Structure formats: C-alpha cells, structure tokens
Protein chains: 2
Amino acid sequence: MPGEFGLIAKYFARPTPSAVLGPGDDCALIQPAPGKQLAVTTDMLVAGVHFLPDTDPGRLGWKALAVNLSDLAAMGASPRWVTLAGALPAVDEAWIAKFADGFFACAAEFGVDVIGGDTTRGPLNVCITAIGEVEPGQALRRDGARPGDEIWVSGRPGLAALGLAHLQGQVKLPEPWPRLCVGALEKPRPRVALGQALIGIASAAIDVSDGLLADLGHICERSGCSAALRLVQLPQLRDLTGSGDQHDGALRRIALECQLAGGDDYELVFTASAAQHTQLGRIAALLELPLWCIGEMRENDGSKVTVFDPDDQPVSFDRQGYDHFGQQTA
Amino acid sequence: MPGEFGLIAKYFARPTPSAVLGPGDDCALIQPAPGKQLAVTTDMLVAGVHFLPDTDPGRLGWKALAVNLSDLAAMGASPRWVTLAGALPAVDEAWIAKFADGFFACAAEFGVDVIGGDTTRGPLNVCITAIGEVEPGQALRRDGARPGDEIWVSGRPGLAALGLAHLQGQVKLPEPWPRLCVGALEKPRPRVALGQALIGIASAAIDVSDGLLADLGHICERSGCSAALRLVQLPQLRDLTGSGDQHDGALRRIALECQLAGGDDYELVFTASAAQHTQLGRIAALLELPLWCIGEMRENDGSKVTVFDPDDQPVSFDRQGYDHFGQQTA
C-alpha cells in the first residue's frame, strides 16, 4: 500500500501546463496574466451533510469541482487553477481512482489545472479552492442590482432537488424526468460560459446553490433592494406536472417548492437592466441555454424576495433555502 | 442561534484591506502585484489525526494558519491572502470565537487577509488555502540542491515532538523545557522572514512538518542528490539532557529521535553553497534566529539521508517521519 505521498503522485499529480510549478513542493507557483484580477473561492463537502457516504466516487469527484467552478462562473471569471484537500477514513485505492476520474474529467472540461493538495486520514471530507481570472472591475458581484433591473435565471432550477426527492422516494417522477433530475443533482454543469457572457451585461449575479429564493435574497441583501418574483414567469415543467390528476397536484406543489427553495442546481440567477433584454435572448441562443426573466428588482421595502402568484397576489413560503447551521437536517 | 451566514459574518468577516473584494460574494477578488508569481498551498487539519478534539480552539486557530504560512515561508513567498473552510459537529459560539481569536492573531502578525471561506456541519475539520507573492524565478524550491551544498536548519527542531511526548506522559521534561516545547507544539512560528531572507542564497528549502529526516529526504528526492547529516552538528540540548544519570540517558535518546523524526516544528531546512556560509551567519544574527549547518549534500548514492554519529559512522533510524496513510497511528 503506497503512503500518502505515493497516493498523491499516483492519482493526482497530472501535467499542469498552466502552472509554473505543480504539485510536489511546499507550494504550487502560478503566474497570473498581466493585470488580471483573481477570483478565489473555497468549498468544503462533508459526507452525510452534502452527499451520502456511499455516493458514487466518480460523481462526487465531478461535483466537488463543479460547485467551485460554479462560484467562479457566478463572478464571470475564467477558471484556471484548483487545489484539492481530502480526508478519507481509510485508503481505498478503487475509490480514490474513481474520484480522481470524475474530478479530472470536470477539470479537463473546464480547462483547470490541479496545482496542489493535501490528503489525510479522517472522516470523509473534500475541500477545494478554485482560482479564476477576470478583468479588473469586470467581475459580476452580488451588490450591483438596482431597482427596475430584470431578474433572470438560467436553465431549470429545481431539477436537482426533484432528483434528490426522487432518489429518497419522496416523489415518483414520470419518465423521462428521473434521468434529467438525477443527472442535474449528480453531474451539475457550472455555467462558466454564461458567466463570462454576462460580463458588462448583468448588474449582479449569484449561483443557485442554496435555492432560488435564498440566493436571490443574497443579491437583495448586498444590493440594498427588494425583489419581486412572478410564478408565471418561472420555467414551466408542464410535461412533468401537466396531466391534472390528484397525484400530479402533489407533484406540482413539490416541484414548485424545489424550483423556489431547492439547492444544488448551480444555475445562475442574475439581474440586468431592461435594456439588455434582447441581448440576453441572443446569449441564450448562442449558448443553447434557456434564460428566463422571472421578475424585477424594486426599491428596498424591508423584505427580500416577494413571490407573486398568477393573480399577482403575494404568496409566502417557509423554506428559504439550505443553511447548514440554521436547520437541523443531517 | 444565528445561521451559517450570520456566524461567518460575526466571527470571520473582518476588514480585508489587501483584497479588492472580501468575504460575502461568490468569490473573493484579489489583485496580485504586477509581475509577481503566486505561491499557493493548502492544508487540511482533522480532529483526532492532527490535533486532539479537545485542543484549545485559540491555539488550534493560530496553528492551522501557521502551518500554511510555513509552506509559504519555505518558498520564500510573502503571505498575502488566505481562505478558511471548516466543519464543526455543532454550533459552539464560544469555541468559534476562540478559534477566530487565535486565527486572526496569526493573520495579523503575518499580515494576511482572510478573504473567504466556508462553514458547514460535520466532523471537526479545518482546511486552509494560503496565497503568497514571490518574484518570478526566485521561489525556493525543493529541487535546487547540488552535491557539495551545505545543509542548514533553523531554530531547534524536535521541540514540538518533545512537547507532545511530555503532554502524553511519555517523558517528563525538566524545567524550563515543558513551556518551551509545548509552546513550540502549540504555537509554532512560521519562518516567514527567514524564507524571504534566503531568496538568492538557498539552493533548496522545505519546512520541517513531517520530521527533519523525512523533509530533508524530500529535498534529496526532488534534487536527485543524497544527504549526509552529522549528529554532532545538530543543535545541542545540553541543559535538557546533560546531567548524565540514567533517566537522562533515556531522555537523550527520545530527544534525538524527536530532533530527527519529530514533526510539527515548522523550522526551515535548506541547502546553500558553502560560499554562502558567512552570509547565513549574518542572516541568523539579523533575524535573531539560530541557523545550524548540519551536513552536506552528496552525489546520489541511491540513499536519501545518511546520519553520521560523532565517530563518523553511519547510524540507522526506523522512523523517517509522519505519513498519514503510511502508518496506522490515529
């Protein structure tokens, strides 16, 4: 059985063309492009909290990196470099090999080099720091939304939460939704190209990791605005909930809850002035990624996000998103 | 009880004058100085592996950051920015407050800004990524040692391991050693100023985290050399082991083992051509930090480090340092 250093070398030391010096020294060395700012983000994923301990290691490897690249995407940054630290209860080479496969598949797809890391024995835990580049002053922040800006979201938020509910037996999704929703949960695609396309267009952006209401709420908080979100403008899941029988009524409620409060989607929610509406349609077409205008920012009325039903009446929801310490779920 | 975001804001969001954008967005934004390279390192510390679960949280906070700054020191980099991710079994505000105190005391002392982080519920785990700046081509690496170079170490490696042995009741250190050794264990001082002073002088460097033999072995490996380490040239611990009675004989053996194989000291071991000998004496005086010339690099003879006793005879040691997966200690 190889020791710690052997394991790192065997599975994680791959060529790092974008680094001056890759894994194997006290630090990695990188040379940022002249004048660029760096966006830096870190995420820790814990077995039993963020994923089930028996999660497929290849999917975990992909997702662990993807959620960090999603934070870079939400700033409009180009992913460049990542470090990976992990604790494992025991050396399981097959597990490590599969994790590395998923991790490096994601790294290759988004063009990042794994420049360093740390492995140790301990309860299963994966911590990643990702670094991207962005032109000075161009990063998409949470604090730039202004009253009157339109609110947009990419893709179909809620699918990942529906996938989780399906896997946990809380709903039984009709075909072909299980594959779509479980895929969204297990192999999220960070919206890197969208984030970069939004530079100079979006006034604020965030990725949907905790749920649409919660994450849009962060934009409200940082921008000092309120938000009006209109249910009729949300992406419709007609073929999922359209047949109208009683079972579908329950499914429709759960689907709406997942859309508004389900985390783990890694779509982008962003704001832009109405003057950008046409341009955003072009970006959606170019990226082959649906973009939905779901409401508008308002003057701060003391609330964060108000949801309006099809009759333009405000409705209330209890769950505002996932907060690791705020709620007691394991 | 505040939620996750409240906790982060309360204890970890402090001014970050060296960042363009600090905690609170999807990413932090930093602007590296023009032309500089960045040194990046990450370390994960796990309760029960790297520290005892009941470790004083303030000391843990200091040490968690110090060990990362030590990796920057070993590259000769100037510490600038860090991210902090942590898992906690439960919200314990008193614990968090003390941890933050220790962490920010170290950050303030070495001039780094805490630009972002992540907190979650889970088995106690602290993961830090540190970023420093260094002039292109100037970083101290592990691969630059050449046959004939002298081998140097700073301070008195072994004190931390002696402190641990004392705390665990394996030795009873005479006064005033308990305070010195436990202090070295609990509040290590990364040799940041030394690392920077060694730029242009040292041919290779590494910090002593796993033990002198093991870490010097990494220099040998990466530089393609062997090393000769002379026991008589090690820092003497005379007043610790000098009284000559039987108890002191055992203590002397343990002290030597700690010097050669004890981890957690975070001194620097480095190589430099003999022409730098006088200059290194000046640096030691300037920094008020003892530097010991403990041997020399040799042509690669297939071994890594050979230790010579006072009669110039090679001696062998079993423990070459700490390897989280290679040994079974909890």
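User: How many residue pairs are in polar contact between chain A and chain B?
Analyst: The count is 23 residue pairs, both residues at pLDDT 80 or more. A polar contact is a pair of N or O atoms within 3.5 Å; within protein, one must be able to donate a hydrogen and the other to accept it, and residues adjacent in sequence count only if both atoms are side-chain atoms. This is a predicted model, where local features need pLDDT of at least 70, side-chain atom pairs count only at pLDDT 80 or more, and totals for chains, interfaces and linings use all residues. Residues are numbered from 1 along each chain as its sequence is written, chains are lettered from A and ligands numbered from 1 in the order written, and side-chain values use heavy atoms, with hydrogens and water left out.

User: Which element gives the most to chain A's side?
Analyst: Strand 2 (residues 37-46) of chain A, with 9 residues on the side touching chain B. Strands (E, at least two residues) and helices (H or I, at least four) are DSSP runs, numbered from the N terminus.

User: And how many salt bridges across the interface?
Analyst: The rule finds 4, taking a side-chain nitrogen of Lys or Arg within 4 Å of a carboxyl oxygen of Asp or Glu. One of them links Asp26(B) and Arg142(A), with the closest N and O atoms 3.2 Å apart.

User: Switching to sheets: what's the strand order in the 5-stranded one?
Analyst: That open sheet runs 4(A)-3(A)-5(A)-2(A)-1(B), with mixed pairing. Two strands pair if DSSP finds at least two bridges between them.

User: Why is one side of each edge strand left without a neighbour?
Analyst: Strand 4 (113-121) of chain A and strand 1 (28-30) of chain B each have a single partner strand, so one side of each has no neighbour in the sheet.

User: Which helix touches strand 1 of chain B?
Analyst: Helix 2 (residues 57-75) of chain A packs on this sheet, touching strand 1 of chain B along with strand 2, strand 3 and strand 5 of chain A. Touching means heavy atoms within 4.5 Å.

User: How do strand 3 and strand 5 of chain A pair?
Analyst: Strand 3 (residues 78-88) and strand 5 (residues 125-134) of chain A are antiparallel, over 9 bridges. In that pair, Ala87(A) has Asn125(A) as its bridge partner.

User: What's the order in the 7-stranded sheet?
Analyst: It's an open sheet in chain A, ordered 7-9-6-10-8-11-12, with mixed pairing. Strand 7 (202-207) and strand 12 (314-315) of chain A are the edge strands, each pairing on one side only.

Note on methods: Axes fitted to C-alpha atoms, helices over the stretch in contact; angles between N-to-C directions.
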